[in-house]
Amino acid sequence: MEDFKKKNAADMNDKEIVFSQSIKAGKRIYYLDVKKNRKDEMFLAITESKKIVMGEGDDSQVSFEKHKIFLYKEDFEKFMNGLQQAIGFIQEQQGCYTRHTTDEEAESPETGKEELPKEEKASSLEGEIKIDIEF
């Protein structure tokens with residue numbers, strides 16, 4: 001009976017998601033889920049899922065370690081300011097990171113739209129980071 005309750009609660013959580021974006025990064029996947037609470041207010045749930053492999057060969061076991069944060073609209077501006085400052089600091093100290101994409105990554109599977117060319121990606125990393133979230 002308890003398994004049913006857990007599954008039913010998980011189904012209810014899935015119904016709350018109104019937008020979802022996944023970002024694959026090596027052994028990690030970041031999920032950006034826009035959800036609605038009971039009052040019909042939207043918020044952002046950010047989940048980091050990291051693949052953990054224990055053991056080797058046939059004895060290996062795979063599990064996922066997950067961390068979540070919830071970001072509410074009244075905190076978006078403060079969060080973005082802090083994120084921009086932190087990324088700016090890293091870029092000043094260690095330079096900008098330019099990622100080289102493969103042909104498979106040229107088209108984003110989540111949106112079906114082509115990503116920016118390498119030159120535009122590199123130049124966008126050097127400037128200010130802008131994320132526009134509207135509700």
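This report walks through a few features of a predicted model.

## How confident is the model?

Let's start with the scores. Across the protein chain, pLDDT averages 76, and 61% of the residues reach at least 70.

One stretch to treat with care is residues 103–126, where pLDDT stays under 50. For that stretch the model has 26 contacts beyond four places in sequence.

Now look at residues 17–25, which make up strand 1, and residues 28–36, which make up strand 2. These two pair in the antiparallel sense, with 8 bridges between them.

Together, strand 1 and strand 2 form a hairpin, with 2 residues between them. Check out Gly26 in the turn: its phi is positive, at about 65°.

## Lys35, tucked away

Stay in strand 2 and you'll come across Lys35. Is Lys35 buried or exposed? Its relative accessibility is 8%, and buried means under 20%, so Lys35 counts as buried.

What is Lys35 in contact with, once its neighbours within four places in sequence are left aside? The list is Glu16, Ile17, Val18, Glu41, Met42, Phe43, Ala45 and Lys68.

Finally, head for the surface. Val53, Val62 and Phe64 make a nonpolar patch there of about 300 Å². One of these residues, Val62, sits in strand 4, which covers residues 61–72.

How values were computed: Residues numbered from 1 in each chain as written. Predicted model: local features only at pLDDT ≥ 70, side-chain atom pairs only at ≥ 80, totals over all residues. Heavy atoms only, no water. Patch = residues over 30% accessible without salt bridge, like charges linked within 9 Å, V, L, I, M, F, W, Y side chains within 5 Å. Areas by Shrake-Rupley, 256 points an atom, 1.4 Å probe, with all protein chains shown as cover. Salt bridge = Lys/Arg side-chain N within 4 Å of Asp/Glu carboxyl O. Helix = DSSP H or I, 4+ residues; strand = E, 2+ residues; numbered from the N terminus. Pairing = 2+ DSSP bridges. pLDDT = per-residue confidence, 0-100. Contact = heavy atoms within 4.5 Å. Buried < 20%, exposed > 50% of the residue type's maximum accessible area, 1.4 Å probe, protein only.
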